[in-house]
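Thanks for coming. Please have a look at the structure on the screen, and I will then walk through a few parts of it.

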Amino acid sequence: MILSCQNITKSYVGKDILKNVNFHLEKNDKCAIVGINGAGKTTLLKIILGLEEPDSGMVSIARDIRLGYLSQTQDTELDNTIYGAMQEAKKYLIDIETKIRELEKEMQGKTGKELDSILEAYNRLTTTYDRENGYAYESEITGVITGLGFTEEDYDRSIATLSGGQKMRVALGRLLLSHPDIIILDEPTNHLDMASTVWLEGFLSSYPGAVIVVSHDRYFIDRVSNKIIEIDQGKSEVYNGSYSYYSEEKSKRRKALMNAYMKQMAEIEHEEAVITKLKQFNREKSIKRAESREKKLDKIERLDKPTEINADMRLRLVPVCESGEDVLYVEELSKSFGENHLFKDLTIDIKRGEHVALIGANGTGKTTILKIINRLLPKDSGAIKLGSKVRMGYFDQEHHDLDTSKTIFDEMSDSFPDMNNTRIRNVLAAFLFTGEDVFKKIGDLSGGERGRVSLAKLMLSPANFLVLDEPTNHLDIPSKEILEDALCSYEGTVLYVSHDRYFINKTATRILELRDSVLTNFKGNYDYYEENKDRLFEIEHGNAGSAGSENEIFGNKSDSRSDSGKSEGRIEYEKKKSAYAEQRKYEKELKRVEKSIEKTEEQISEIDEQIADPKNGTNVSLLMELSEKKETLEEELLELYSRLEELTC
């Protein structure tokens with residue numbers, strides 16, 4: 001055990017933030033701390049780091065254990081280049097290397113004891129240098145720089161010229177290169193694109209040390225962690241497993257706790273009714289019995305009611321009217337900013353009811369596409385057509401739809417005058433505005449808070465086509481789940497940009513990836529995209545993607561028309577769409593056959609075990625029945641192998 005938190009308690013202005021928090025960390029544990037916004041996660045990290053003192057309890061850290069911390073408000077003002085800043089994390093190795101070179105020069109011409117003394121120091125330093133992997137530190141630096149989304153051209157860029165997000169990535173890189181025994185990260189994926197997040201997952205998963213991370217990125221937590229610490233109403237609960245395990249186990253525990261709570265409430269209610277009845281008899285014996293029961297009742301340790309998910313906070317999105325089958329058709333769309341050519345000749349075709357996620361690395365032009373569709377940016381070329389009865393609602397990251405002079409409550413009630421106060425408060429609570437928070441002025445809110453107000457408004461709008469730019473930013477996990485449930489049951493059409501892979505996996509029916517200035521279409525959720533992204537990109541674009549001249553996976557468009565009145569591009573689109581449908585059908589059938597073979601073989605093995613069991617040796621009727629079953633299963637197995645041969649040959 002390298003770290004232990006024992007009964008950590010912390011209050012601010014009489015409000016308990018943490019109540020007797022307990023957990024410990026082993027040498028290679030990868031631990032995620034989860035909980036709603038304001039639960040006390042960052043406070044707990046600061047107590048572990050010694051930046052704050054607990055009111056009671058203690059943090060024990062093993063001797064010589066080094067902690068490395070990346071906060072959400074990291075000091076990123078460094079007077080250096082990107083490569084130079086990374087080198088600073090390896091300064092101790094560079095100093096050793098310099099000293100080794102100096103000793104090599106000193107050896108020249110030395111003999112006897114003087115040479116022995118130099119050799120002793122030289123051997124000690126080279127052993128340390130080798131143990132610390134000094135011979136590979138430069139490749140380690142370049143690996144981290146590349147993994148965090150920088151290129152070789154960025155090595156000499158001054159940190160002063162970087163954006164806030166880029167500076168945070170540099171700070172993260174320096175921390176990772178310093179190799180602390182425990183890496184502590186507070187929302188590390190906030191400034192990373194998908195590729196960098198995936199790289200960080202791999203780095204942390206294989207890191208030869210412990211990791212503590214606070215994050216709302218459920219995919220990230222699921223892939224990195226082997227221990228989840230939940231902070232709920234100030235108390236801690238430890239789950240030894242991934243986020244998926246935690247999510248399932250939490251539901252089971254909550255159900256058990258709720259059953260125990262309800263049972264105790266029923267017992268208490270029954271006991272109180274008996275006491276009341278005994279007192280009504282107004283006799284000496286009955287009153288004594290009542291008093292005795294009251295004493296027993298007072299000694300019962302009352303269970304706390306488990307945190308309850310408010311059903312009223314579940315959003316239900318209902319479009320006022322249904323759009324036509326064709327919702328959005330974008331043809332040969334191109335956009336450049338000076339010499340920066342974002343994309344050329346893109347085609348997007350979205351049908352009613354589709355939930356389409358637009359993904360890609362930072363800076364590829366995803367938000368630009370959404371702004372062009374919403375007429376907020378001019379296009380260089382191309383056509384954008386909305387279908388019949390389409391009513392579009394747009395969530396942008398600038399939040400131009402808000403009146404900064406109004407309170408949150410007034411903004412909502414003025415926008416939806418027919419909605420009662422309870423409904424407005426429930427919707428705002430779903431987006432983390434409770435109590436007196438609803439009377440804050442929009443102008444006084446942070447960017448994240450304004451985003452949540454805009455999202456709450458959009459969720460209540462009459463739109464049947466929602467266009468969302470990073471809708472889950474600044475939402476905690478419960479709020480993301482509320483939004484996910486709302487979108488999953490939404491019968492309208494959705495197009496959104498997001499880096500939240502868990503959110504995409506839950507809500508997307510189709511994914512468009514913008515890579516190398518071209519779009520590739522993936523008919524499925526994020527898991528399907530991840531399994532097939534490189535294969536399908538190569539099939540569709542080959543080496544042409546970098547030229548920026550290809551279109552999405554369903555093909556290029558042209559103005560020529562066939563006899564049916566459809567463009568050649570449209571015909572090609574339909575052919576490829578049909579081909580991909582067949583491919584999905586084939587993959588599904590192959591998976592079904594392989595699973596059936598595995599199941600049938602298991603059943604045959606089980607029957608063989610039963611036949612071989614000495615207990616069944618004299619049971620003739622059972623053995624005959626088992627033999628018949630085995631014969632039937634073996635025939636089925638032969639048919640399955642024949643089908644597998646058809647599929648794979």
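First, the ground rules. This is a predicted model, where local features need pLDDT of at least 70 and side-chain atom pairs count only at pLDDT 80 or more, while totals for chains, interfaces and linings use all residues. Residues are numbered from 1 along each chain as its sequence is written, and side-chain values use heavy atoms, with hydrogens and water left out.

The protein has 19 helices and 18 strands. Here helices (H or I, at least four residues) and strands (E, at least two) are DSSP runs, numbered from the N terminus. Of the 649 residues, 45% are buried, meaning under 20% relative accessible area with a 1.4 Å probe, protein chains only. Take the contacts with a separation of 6 or more: 67% of them are between residues 24 or more positions apart. Contact means heavy atoms within 4.5 Å.

Now the sheets. Two strands pair if DSSP finds at least two bridges between them. Strand 1 (residues 3–12) and strand 4 are joined by 5 bridges. Threonine 9 has serine 56, in strand 4, as its bridge partner.

Another open sheet has 6 strands, ordered 5-6-7-3-8-9, and its pairing is mixed. Its edge strands are strand 5 (67–70) and strand 9 (235–239). Strand 5 pairs with strand 6 (residues 182–186) in the parallel sense, over 4 bridges. Leucine 67 is opposite isoleucine 182 in strand 6. Helix 6 (residues 164–177) packs on this sheet and touches strand 5 and strand 6.

Last, the helix pair. How do helix 3 and helix 4 pack? Helix 3 (residues 91–107) and helix 4 (residues 112–131) make an angle of about 155°, and their axes are 10 Å apart. Axes are lines fitted to C-alpha atoms, for helices over the stretch in contact, and angles run from 0 to 180 degrees between N-to-C directions. The two helices are therefore roughly antiparallel, the word for angles over 145 degrees. Among the residues that meet are Leu93, Ile96 and Ile100 in helix 3, and Leu115, Ile118 and Tyr122 in helix 4.

Definitions and conventions
Angles under 35 degrees count as roughly parallel, over 145 as roughly antiparallel, 65 to 115 as roughly perpendicular and the rest as oblique. Buried means under 20% relative accessible area, exposed over 50%, partly exposed in between (1.4 Å probe, protein chains only).
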